[in-house]
Amino acid sequence: MSFLSQTLARVKPSPTIAITNRARELAAEGRDIISLSAGEPDFDTPAHIREAAKAAIDAGHTRYTAVDGIPELKKAICAKFKRENGLDYTPAQVTVGTGGKQILYNALMATLNPGDEVIIPAPYWVSYPDMVLLAGGTPVAVETEMQNGYRLTPEQLEAAITDKTKWVILNSPSNPTGAGYTREHLQGLADVLLRHPDVWVLADDIYEHLVFDDFKFWTIAQVEPKLKDRVLTMNGVSKAYAMTGWRIGYGAAPEILIKAMSKLQSQSTSNPSSISQYAALAALEGPQDYIAESRAVFERRRNLVVAGLRDCPGITCPKPEGAFYVYPSIHHLIGKTSAGGTLIADDEAFATALLNETGVAVVFGAAFGLSPCFRISYATSDEILADACARIKGFCEGLK
């Protein structure tokens with residue numbers, strides 16, 4: 001009898017974390033490494049949020065809280081949804097978790113039974129399929145196309161839905177592509193979902209505030225109110241306010257789902273950090289200037305990286321609408337050999353050779369369910385990004 005759970009055998013460790021750790025190991029050995037694998041803003045958490053956390057400690061807010069969030073934070077989340085998305089929720093329809101990942105995990109664990117299917121547009125955030133598998137469900141990846149902006153089409157959604165479909169996951173702007181769904185795109189998907197009343201929607205809006213140019217963010221419950229009673233709208237403070245380590249995510253949905261998620265959380269982690277909750281309260285209720293300032297920086301970096309990668313022979317790089325990633329194709333490089341003698345048989349071989357020969361760490365596309373591509377996170381300085389693009393260009397020029 002195996003000591004470890006059979007459920008655990010269904011999943012794999014996060015490839016992004018594995019590559020980030022490998023880059024750290026090489027750097028510790030003295031290598032000149034540029035890691036573009038982690039999806040984390042490189043800015044400090046705004047000062048007023050840090051001060052709020054200190055004040056919470058001094059005020060004695062260091063004990064257990066309600067399992068799924070303090071009332072003040074739930075009220076602020078309701079106000080955020082109303083103010084920014086035109087969505088009306090009550091505190092009983094809101095849950096707060098230890099990061100957005102826990103919100104997603106709780107929802108899937110609370111609803112999936114063996115055989116239930118979850119439609120996941122590919123490329124996808126690496127954790128989606130594995131969370132579905134852990135919950136006993138079946139991930140159904142639907143490959144999107146670059147010419148469609150890496151967006152799921154209504155026709156693809158219709159074709160993927162079966163009598164076993166319980167959820168469809170929509171992430172806009174997307175990790176890993178940065179692709180954003182316009183109101184028209186979402187309405188097209190909503191029209192399909194209205195014909196399938198048993199399918200729920202998990203809207204992962206964590207990159208909501210990181211959109212560029214004239215792109216306007218919409219979430220599906222906002223676009224089609226008739227779907228609101230079967231949508232979980234998930235968000236958090238990690239990306240918008242540079243609070244990744246604070247671990248606060250939140251979601252809003254019909255009360256039946258929120259109660260089920262709270263029940264699950266009560267027997268797993270219990271409440272999120274009390275200090276982090278008060279910091280998140282300050283983030284949502286305090287000055288919002290930081291968002292526009294950081295968005296401008298990320299837009300400049302996006303332009304720098306897209307231009308740099310488009311200058312690399314054999315790489316095709318679309319221009320994303322948001323987040324802080326690009327997802328270029330290396331279709332024209334497959335079959336070539338690097339200057340160091342590595343055959344570029346697939347995107348994993350490309351990423352491995354790139355790290356070994358140039359010190360640039362990226363994540364290969366197979367990890368996100370769509371090849372041959374790779375993901376770059378441009379959440380680092382302009383100087384580092386320019387250096388990385390120059391190294392990638394030199395690597396591509398050396399391929400034969």
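Tutor: What follows describes the contact between the domains, and then some features of the strands and loops.

This is a predicted model, in which local features need pLDDT of at least 70 and side-chain atom pairs count only at pLDDT 80 or more, while totals for chains, interfaces and linings use all residues. Residues are numbered from 1 along each chain as its sequence is written, and side-chain values use heavy atoms, with hydrogens and water left out.

The chain is divided into domain 1 (6-44 + 290-397) and domain 2 (63-285); such bounds come from an automatic or database domain assignment. Taken over C-alpha atoms, the centres of domain 1 and domain 2 are 26 Å apart. Domain 1 brings 37 residues to the contact and domain 2 brings 35 residues, where contact means heavy atoms within 4.5 Å. Between them, domain 1 and domain 2 bury about 3100 Å², with 61% of it on carbon and sulfur atoms. Buried area is the accessible area (1.4 Å probe) that two parts lose on being put together, summed over both.

The rule finds 2 salt bridges across the interface of domain 1 and domain 2; a salt bridge is a side-chain nitrogen of Lys or Arg within 4 Å of a carboxyl oxygen of Asp or Glu. Asp-213 and Arg-302 meet through their side chains in a salt bridge, at 3.0 Å from N to O. On the side of domain 1 that touches domain 2, α1 (15-28), α11 (289-310) and β9 (325-326) each supply at least two residues. Helices (H or I, at least four residues) and strands (E, at least two) are DSSP runs, numbered from the N terminus. The largest share of that side comes from α11, with 6 residues. By residue type, that side of domain 1 divides into 19 nonpolar, 8 polar and 10 charged. Here Ala, Val, Leu, Ile, Met, Phe, Trp, Tyr, Cys and Pro count as nonpolar, Asp, Glu, Lys and Arg as charged, and the others, Gly among them, as polar.

The strand β9 also belongs to an open sheet of 3 strands, in the order β9-β12-β11 with antiparallel pairing. Its edge strands are β9 and β11 (363-364), each of which pairs on one side only. Two strands pair if DSSP finds at least two bridges between them, and β9 pairs with β12 (residues 374-377) in the antiparallel sense over 2 bridges. Val-326 stands opposite Ile-376 in β12.

The loop between β11 and β12 contains Pro-372, and the peptide bond from Ser-371 to Pro-372 is cis, with omega near -5 degrees. Another cis peptide bond joins Ala-122 and Pro-123, with omega about 5 degrees; Pro-123 lies in the loop between β3 (117-122) and α5 (127-134).
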